[in-house]
Amino acid sequence: MRIGLFGGSFSPIHKGHVALASWIVQNHFVDEVWLLVSPQNPLKESSTLMPEEVRFNLSCAALEGIKGVKASDFEWSLPRPSYTWHTLQAIRKEYPEHEFSLIIGGDNWVNFHRWAYTDEILSTTPIFIYPRSGSIVDESQLPSGVTLLKGAPIFPYSSTDVRKAMASGKIPEDMLPTSVAKMIKETRLTQGGI
């Protein structure tokens, strides 16, 4: 089975994540998309993230009933900070029956040179790039094995926008799956907020 690994903090997951993952499966780029909820991104300040259990639970709720897309906490058992190359090595060992590819945003591709083990990743792993507002990807300059997902849905907001709205006391229901907005509301009422 062809598995697309869509890694990120998902702090929190929003409608764009869900729609993109579903679109990739529906258009047969892969058979399944696994959203790898990262415990700690080496390029991000961990203090800005929601607790990892909260991010994972919200992701599971958002993907309930979405065919071919699931949340995974696979990286949590790996040494931290989690590097993509180490994840790929570990997940291939754990699931040798699957073929894995990476799904990354245009903003990540622009910064791909900052990643660890880029040569190893490029030589072993197909990469799908989805467009992000403000990040220009020149398709003619992409190396072999790297595909720009033309036609993929683009959403004008990010998890950062969701967090900013929440910090001001709002729950941006237009950006969040219904189940996620509901869980955040309930958590705020019962535990004083996330």
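**A tour from the sheet to the core**

Select strand β4, residues 99-105: four bridges join β4 to β5, and the two run parallel. Strands here are DSSP E runs of at least two residues, and helices are H or I runs of at least four, numbered from the N terminus. This is a predicted model, in which local features need pLDDT of at least 70 and side-chain atom pairs count only at pLDDT 80 or more, while totals for chains, interfaces and linings use all residues. Residues are numbered from 1 along each chain as its sequence is written, and side-chain values use heavy atoms, without hydrogens and water.

Next, pick leucine 102; its bridge partner in β5 is isoleucine 127.

Now show the whole open sheet, six strands in the order β3-β2-β1-β4-β5-β6 with parallel pairing (strands pair if DSSP finds at least two bridges between them). β3 and β6 (146-148) are the edge strands, each pairing on one side only.

Turn to the core, where 35 residues make up the largest nonpolar one; Phe6, Ile13, Ile24, Val33 and Leu35 touch the most other members. Such a core is a set of buried Ala, Val, Leu, Ile, Met, Phe, Trp, Tyr and Cys residues joined through side-chain atoms within 4.5 Å. Buried means under 20% relative accessible area and exposed over 50%, with partly exposed in between (1.4 Å probe, protein chains only). α1 gives the most to this core, six residues.

Finish at α6, where Ser159, Val162, Ala165 and Met166 are buried. On the other side of α6, select Lys164 and Ala167, which are exposed. Just after α6, glycine 169 has a positive phi of about 95 degrees.
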